[in-house]
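Trainee: I've got the model open and I'd like to go through it with you, one question at a time. Shall we start?

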Amino acid sequence: MTKESPVLSLRGMNKQFGEGCSRCIEKPENLEKNYCPNCGTVYACRDISFDLYKGEIIGIVGESGSGKSTLMRSLYFDSEVTDGEYLLADYKDGQENVFGSSLQQQKWIRNMLLGMVYQNPLLGLRMEFSSIANIAEKMIAANHRNVEAMFSRGHELLDKVNIPTFRSSEAPKNFSGGMQQRVQIAKALSNNPPVLLLDEVTTGLDLSVQADVLDLIKTIQRELQISMIVVSHDLAVIRMLSDRTIVMYNGEIIEEGLTDQVLEDPQHAYTQQLVYSLL
Amino acid sequence: MGYVAVKGGQEAIAQSNLGLAYARVRSGRVLAVEDILAGMRPLVDQVMSESSLYDEELAALAIKQAGGSMEEAVFLMRAHRSTLSRLYYTTATSTKEMFVERRISASFKDIPGGQLLGIAHDFTQRFLDFDLLTETEDEAIRKAAAYEEQSANTEVPLMDLRRLPKVVDYLEEQGLFETAPFDDSEPDDITKRSIQFPTSRSQRLQSLTRGQTGAVTSLGYAEIRGYGVANHPNIGELRVGQLPLHVADPRRAEDEEDAYYIGSVTVTEVESFIPIDVADESGKTKMSFSIGYGLTFGQNETKAIAMSILDYSLEHPAENHPTSDEEFVLLHVDSVESTGFISHLKLPHYVTFQSLLDGIRKIKGGTE
Amino acid sequence: MNYQGNYAFLDENSKMEIRRTILKAVAIPGYQVPFASREMPIARGWGTGGLQVSLSLIGEDDVLKVIDQGSDESVNAVNIKKMIADTTGVATTIHTGEATLIQSRHRIPEVPLTEDQILVLQVPLPEPLRAVEPSERKTKAMHAYGEYSVSWLHLFEQIVRYGKTAMHSDYPVIVNRRYLMAPSPIPRFDNPKLNHNDGLVLFGAGREKKIYAVPPYTEVVSIDFEDHPFEVESFAGAACRLTGLTDVFLDELVDEATGETYYLTNDQSYLLETLNAKQETAAGGIRHD
């Protein structure tokens, strides 16, 4: 693939909850925010399209209800989309829509090409297993069968996320929130995926801990040149991490561009509100 | 001299069985099957329901042979059931044809056809009656005769007990109840094909009706106490009575009119009403009633009510409630299965234990 | 007891259904085939699955052996053997070599199976993934997708905690390079016997209503890691006190008089056969059993 081709591409992705009715199908003007007052159908994501290039971080910002979390879940196959095209450079050369692939192929993609860090560590970690076993889980799913090699790689990753080796045999349920997020990051990186998805990873953490985790993410990105999609409702986080920013509102993309530009010169009224409240 | 296998096992079992047989007759008193049928009707009903085999005399025999152990009696009945050929299925039966002996509704004060309290323990005072310690047959005969005479001299309103309407019909007429579309499809028979998940409603109802009374009751209780969605179901109708059964003439199976009447079984039926949200044609949400259904062989009211609650909860599962988890509910209510597996723990497990010892020793050795 | 029922207790239709299930199981090695398990005159959890398999296969020419914990005289084995014999009149034996049908709980006999033999193992919990996933619906999907990495994860976690694997019996295996299977609570020692064996091994779980099979000459491999290979029990090099055998599974016992620990061959009939063979060669004497 040439340098200009995106690592990840999304085209016209839609997700709705509900069947829709005569008043709302193909009639977005009848919607209130993103739902139909007549039948209650929620149009969580509407015609979402963007490209992610190698080594860059895209930030997706929006309030709750904007559809950003639904988007993340769809990218990681935690929920099914209504329609859309999802291409990955490392899967069949980006020629085949990942949304249409078989469950087995999706599991392979989830394991080898994507890393995911959830806001709630319960979703990303097995709390009853040691942190090193959590990291090994992805490697085992990739058919690694050498314990020493996995120990080695696991310790390497724990080191990268600043977790001391002597804690590797402890279960993450005993860790602080910040540490749990760092274990998730280590786990997400274990198979060297080209794309990392981060969903509100610092929300709910103490400010100093947040700074630590954000710093870690920036370092990793620099060292590994990994492409990332970061979702947050906090514009400060987006500003710190991302090269480009996408603003979502009521299930739609209302503004996108280089982070600096969006912050300096917001066009949409909602973006303006966000930016001004940041200062 | 050659080594011989120790024959101890065989001897021990033989002696144990002899001892068990002796324990049953040691006092010299014999419990007649007729005594059980006469004086322990609820026990007979419970056994028939849990074995899913309707035969009062066989159930009483099983109770006698098991010495009163419910676990054992149901086991005997089920094992016997396994040997019986399955020749026919009855025609679909409507409980509207029931010859009602008891019929109540907790939802309405007055129901079309009337409330019939019938015979139940519900309103008795639970004081131990020490006179029963010395009750004689003569006394029993006299008491029965006195009741029969008093009965004959009492005026009772006329009720056609064979054609009582259903309370649910009234709700349907009022448009308060969602009529389910008529479904005549062949139900699954769980004794011919094991249940697979997700289950069909017929599989769930069959599993529940033959469930151990205690298990079904406990889970129903958990459901209404908070571990479930049906927090206060209303009993729309509870009926106990004789249900006539028919078998179609195999030569003219479609001709229901000519089906043969083979007899009646006592059943308990419960229809619980639970409010539910439904969407109408234009997509609007409104409130309506849904039904939880319970049916048992014999008079097993508590179980039938609990069954109706669990039927509702499995039909309308909610996240995170164990009583909405069909695997959790349906796989653990069967008496023969649960008591069997628990009691299997008494079997020798020397080899697996030895293996475990070896493992623990190895680990210990490794860390020292 | 004056048995009056059908030959081998089950009615012919039930036998046919169970045989069809067995055929399907043999056609898909290691795959758990559901069946409508009947209630039997012995309790669920006490071998009704194995019993149904045996009863649907047994015929007048068969010779039956039943063992539990390796012993023909164990109370449960005696009970089952009696039940089958009472309802069929078949010949029974304690000698593995003479049997055509062997029903066993928790052990595979030391004498290797031949092509003419069927071994029926009693299974309490047929699902090897149950420890990590309580839902039948989910484990069914995991088998369909061959998603077994969570089993290796379990082993891995044990290595993290104890430095070695800690599964002792009912150790999971991959059959025919496809299905993960629970070999029933046989000790690890017996797992290798399943690999490419000459006889047919059937597994019956009555309460859970599943039958599965390892056909002859099938590859059966216990799961492990390259650097933590599968290991059988070792008994620290001990030997059977009576026969001197070292390559058999041993029972650990304590001498009441001296308080010392000693070992005996667990497979009771094999112990007897070995002893009697020794005696024959030693004294040219007559074999007793």
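Trainee: In chain A, what share of the contacts with a separation of 6 or more comes from residues 24 or more positions apart?

Mentor: Keep in mind that this is a predicted model. Chain A has ten helices and nine strands. Of its contacts with a separation of 6 or more, the part that comes from residues 24 or more positions apart is 66%.

Trainee: Over to chain C. What is its radius of gyration, and what does the globule rule give?

Mentor: Chain C is built with seven helices and twelve strands. Its radius of gyration is close to the globule-rule value, so chain C is as compact as a globular protein of 289 residues.

Trainee: What percentage of chain C is buried?

Mentor: Picture a C-alpha trace of about 60 × 55 × 35 Å along the principal axes. Among contacts between residues at least 6 apart in sequence, 62% join residues at least 24 apart. Of the 289 residues in chain C, the buried part is 51%.

Trainee: Take strand β4(C), residues 101-105. Which of its residues are buried on each side?

Mentor: Five of the five residues in β4(C) are buried, so to speak a mostly covered strand. Both faces are covered. One side has Leu101(C), Gln103(C) and Arg105(C), and the other has Ile102(C) and Ser104(C).

Trainee: And which residue of β5(C) is the bridge partner of Ile102(C)?

Mentor: β4(C) has parallel neighbours: β2 (residues 63-68) of chain C is joined to it by five bridges, with Leu64(C) opposite Leu101(C). β5 (residues 118-122) of chain C pairs with β4(C) over four bridges, also in the parallel sense. There, the partner of Ile102(C) is Leu119(C).

Trainee: Where chain C touches chain B, which element supplies the largest share of chain C's side?

Mentor: The contact involves 54 residues of chain C and 46 of chain B. On the chain C side, α3 (75-88), α4 (136-144), β11 (250-254) and α7 (268-283) each supply at least two residues. By class that side has 17 nonpolar, 18 polar and 19 charged residues. The largest share, five residues, comes from α7(C).

Trainee: Within chain B, which helices do the buried residues of α5(B) pack against?

Mentor: Helix α5 of chain B covers residues 70-83 and reaches 20 Å from first C-alpha to last, close to the 20 Å expected. Its buried residues include Phe75(B), Leu76(B), Met77(B) and Arg78(B). They pack against α3 (41-51), α4 (56-65) and α12 (335-344) of chain B.

Trainee: Last one: how many residues of domain 1 of chain B are in contact with domain 2?

Mentor: The domain assignment gives domain 1 as 9-83 and domain 2 as 95-122 + 174-333, with C-alpha centres 29 Å apart. By class, the domain 1 side of the contact has four nonpolar, three polar and two charged residues. Domain 2 brings eleven residues to the contact, and domain 1 brings nine.

Methods. Residues numbered from 1 in each chain as written. Chains lettered and ligands numbered in written order. Predicted model: local features only at pLDDT ≥ 70, side-chain atom pairs only at ≥ 80, totals over all residues. Rg over C-alpha atoms; globule rule 2.2 N^0.38 Å. Buried ≥ 20, exposed ≤ 12 C-beta atoms within 10 Å, placed from the backbone. Contact = placed C-beta atoms within 7 Å. Expected span 1.5 Å × (residues − 1). Nonpolar A, V, L, I, M, F, W, Y, C, P; charged D, E, K, R; others polar. Pairing = 2+ DSSP bridges. Domains from an automatic or database assignment.
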